[in-house]
There are 2 protein chains.
Amino acid sequence: MQEEIITMAHGSGGAAGHELMKEVLLPAFDNKYLREMHDGAKLDLSTNKIAFTTDSYVVKPLFFAGGNIGKLAVCGTVNDLAMTGAVAKYISVGMIIEEGFPIKDLREIVSTMRRAADEAGIYIVTGDTKVVNKGSADGIFINTAGVGERIDNVDISPLNAKAGQNIIVSGYLGDHAATIMASRHNLELPDTVKTDCAPLNHMVKEMLTAVPNIAVLRDPTRGGTAAVLNEIAEQAKVGILLEEEAIPVREEVRGFCDILGFDPLYLANEGKLIAFVNAEDTDKVLSIMHKYEYGKHACVIGKVIDKAIGEVGLKTAVGGIRIVDMPQGEQIPRIC
Amino acid sequence: MQEEIITMAHGSGGAAGHELMKEVLLPAFDNKYLREMHDGAKLDLSTNKIAFTTDSYVVKPLFFAGGNIGKLAVCGTVNDLAMTGAVAKYISVGMIIEEGFPIKDLREIVSTMRRAADEAGIYIVTGDTKVVNKGSADGIFINTAGVGERIDNVDISPLNAKAGQNIIVSGYLGDHAATIMASRHNLELPDTVKTDCAPLNHMVKEMLTAVPNIAVLRDPTRGGTAAVLNEIAEQAKVGILLEEEAIPVREEVRGFCDILGFDPLYLANEGKLIAFVNAEDTDKVLSIMHKYEYGKHACVIGKVIDKAIGEVGLKTAVGGIRIVDMPQGEQIPRIC
C-alpha cells in the first residue's frame, strides 16, 4: 500500500478500497470462498440445522497482553456458536475503521484473526470495510457474525438448568478483564496474567459428543460469571449456590481485584465456559476438559438447587452465604 | 426506560443492558428465535445450501428522506443475499451506540428495521449491543449479517458475464446518494427524490425462479454503477458498452448532479440491482421486474461486448464513446 494510514478513500467502493482488499485483507484471510469476491459467500453445509450469532468488538486498548481486538472478534463468535451446541464453520468480518488508523496495525489485527480462525478450524468467508472520519470512531471496531452446524441430539438452553446439576467452569476467572484494566491504567501485571481469549470449540465439540445431555453452556464475558448465572437462575427458575473456595482465580488476579475493589465473579472472560451438567456426568465431562489446554483447570464451582429461586448465592470460606447480584451499572467499559 | 439517553451502563452485561434489551430491542424485533435469549439463534433451514453476507452501516445523517440507517441495514443485507441467488431468511444486528444517543431515536431506528424485515419476510434472530464513550463513535453504527437459502439451479457470478448479454438496471440511478448529499448540505430536493432503499428479494426470487440462468446480479451501492460494472468487466474479462440515453436518472437528480459536478453512474443506490441477462431472456426478465414497485422502471442500459476487455464505455448522446473508469478516491463518504 502506498498509504501508511487508512484514508476515507479506503472506504469507498472504488480503487483505494479494492487495493486495501487485495493487498491487506484478502492475503490475510485467503480461502476459496473469499476469492469469489461476491456480495456474499455461497456455502454448502453438512446439515440444515444451524446456529447463527453476532458480536461487535470495541475493546480499548486494541492491543493487550496475549491478544488484540481481532483475536477477540474471532474467538468470541466461535465460542458463542459453541455455547448453542454448534460447531462453528464460517464467520463474517465487518470493520469500521477511523480515518488515520495505521495500516500496520490493521495488518497485525487481520493476521491475528487468521491465526485464530486457523486454530478454530473455521473460514472467514465474507466481509465489509467502512471508514469514518477522524474522531467519528476510536481506531477500529470489528463485528463478526458466525454460522455453525448444530451437533445432533444436543439441546443446550438456559431453561434446562435443574436442581442437582453441577456447575463447571473451565478455568481461572477474570484474566481477560484484569489484563485490559492493567493495560488501560499502565499497571504492571506478572507475565502469567494475559487475556484468556481462546477458541473453545474443539473442547466443546468433544464434550457434547461424549455427553449430549449437557444442559446449559454459557461463556461468561461482559458482566462476568455473576451476570450469566443470574440470567440462568432467573430464566430457569432455579437457585444457584456457589462455593467460594472452589472458584478458580489466579493469586495475581485476586490481588489485583483486592486492590481495585473488583470481584472476580463480575470480571469478563474471553476463553472460559460455564457448563451445567448432571451429577452423574460430571466426572466424564471434567476428564474431557482436562485433556485440553483451555480446560485443564476446569472444576465444579457450585450446584443448582431448588431453593432461593432466581438467586445466586455464594457460600463463603467462613461459612456464611452472600447473594451474588446481577451486576448493576457499568462494570468495566469496553472490555470486549 | 428511566433513562432517555444511552449510557455506558446500557453496554454492560448487567441490569441496564437487560432493560434496554427487554424494553426497546426485543419488543421491536420480537419473534420466537429472539425470545430464546441465547448466545446465538438455532435455525432450521429448508436446505443446506446457504449464502452468508455482512455489511456495516455508518451513514451520515442517520435519518433522511425515505428512510434511516436501520432501513439501510436491513435492506442492504437482504439485497446482498439476493445478489448471490439466495432468498434471505435470517439476519443478525450488531449495534455500536455512542453514549448520550437519544433512546427515542433508537426506538425509531429499530421500529423501521422491523418494518423493513417484515416487508422482506425475514427475521432478526440474534444481536449484540455495545456502547462506547461520547466522542468514540458518531451516534450509532449498525452491522447486519444475513443467512439466505440458495435457489436451486441458479449460479450467479461476475465470472458469468459474456459478450451478447444485455445489462438491465431496475430503475432510476442516484436517488439515494442525492438524498444523502442534499440532507447533509441542507439543500432542498423535490419530494420525488428520496432514498431508493428497498428490499429487492421478492422480485429477485421471481426473476431467478422464472429465468434461472440470469448470469450476474449486483446492487450498485458504494462506488455506484461505475464501480460494479468495472469490477465485472475486469473479473470476467469482457467489455461493457452503455448507452447514455438509456440510463434512467430522474430529471431532478440529473440537475442536482450537474450543479454539484457528480456523474449519476458513480452515485450509490440502495434499492437497485443490475442484471446481466442473455439476449433471449431479456423481455421475460423485464416483464417480471415491471410488475414490482421496485422494478417498474427497469430497462436495458447496455450490453456485454468482446472488445475493450476490462473496460466500461459509454456511448454518448452525440455518438462518441467515453470511458467510465473505476471511481478513484472517495466519492461521497459515509453514504451507507
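1. In chain B, helix α5(B) passes helix α8(B) in a right-handed crossing. Right-handed here says that the near helix is turned clockwise from the far one by less than a right angle. Helices are DSSP runs (H or I, at least four residues), numbered from the N terminus.

2. This is a predicted model, where local features need pLDDT of at least 70 and side-chain atom pairs count only at pLDDT 80 or more, while totals for chains, interfaces and linings use all residues. Residues are numbered from 1 along each chain as its sequence is written, chains are lettered from A and ligands numbered from 1 in the order in which they are written, and side-chain values use heavy atoms, with hydrogens and water left out.

3. Helix α5 of chain B covers residues 201–210, and helix α8 of chain B covers residues 282–290. Their axes come within 10 Å and cross at roughly 155°. Axes are lines fitted to C-alpha atoms, for helices over the stretch in contact; angles run from 0 to 180 degrees between N-to-C directions. α5(B) and α8(B) are therefore roughly antiparallel to each other (angles over 145 degrees count so).

4. Which residues make the contact (heavy atoms within 4.5 Å)? From α5(B) come Met203(B), Glu206(B), Met207(B) and Ala210(B). From α8(B) come Lys284(B), Val285(B), Ile288(B) and Met289(B).

5. Chain A is divided into domain 1 (5–150) and domain 2 (158–323). The bounds come from an automatic or database domain assignment. Over C-alpha atoms, the centres of these two domains of chain A are separated by 28 Å. Domain 1 of chain A gives 21 residues to the contact, and domain 2 of chain A gives 24 residues.

Definitions and conventions:
Helix = DSSP H or I, 4+ residues; strand = E, 2+ residues; numbered from the N terminus. Parallel < 35°, antiparallel > 145°, perpendicular 65-115°, else oblique. Contact = heavy atoms within 4.5 Å.
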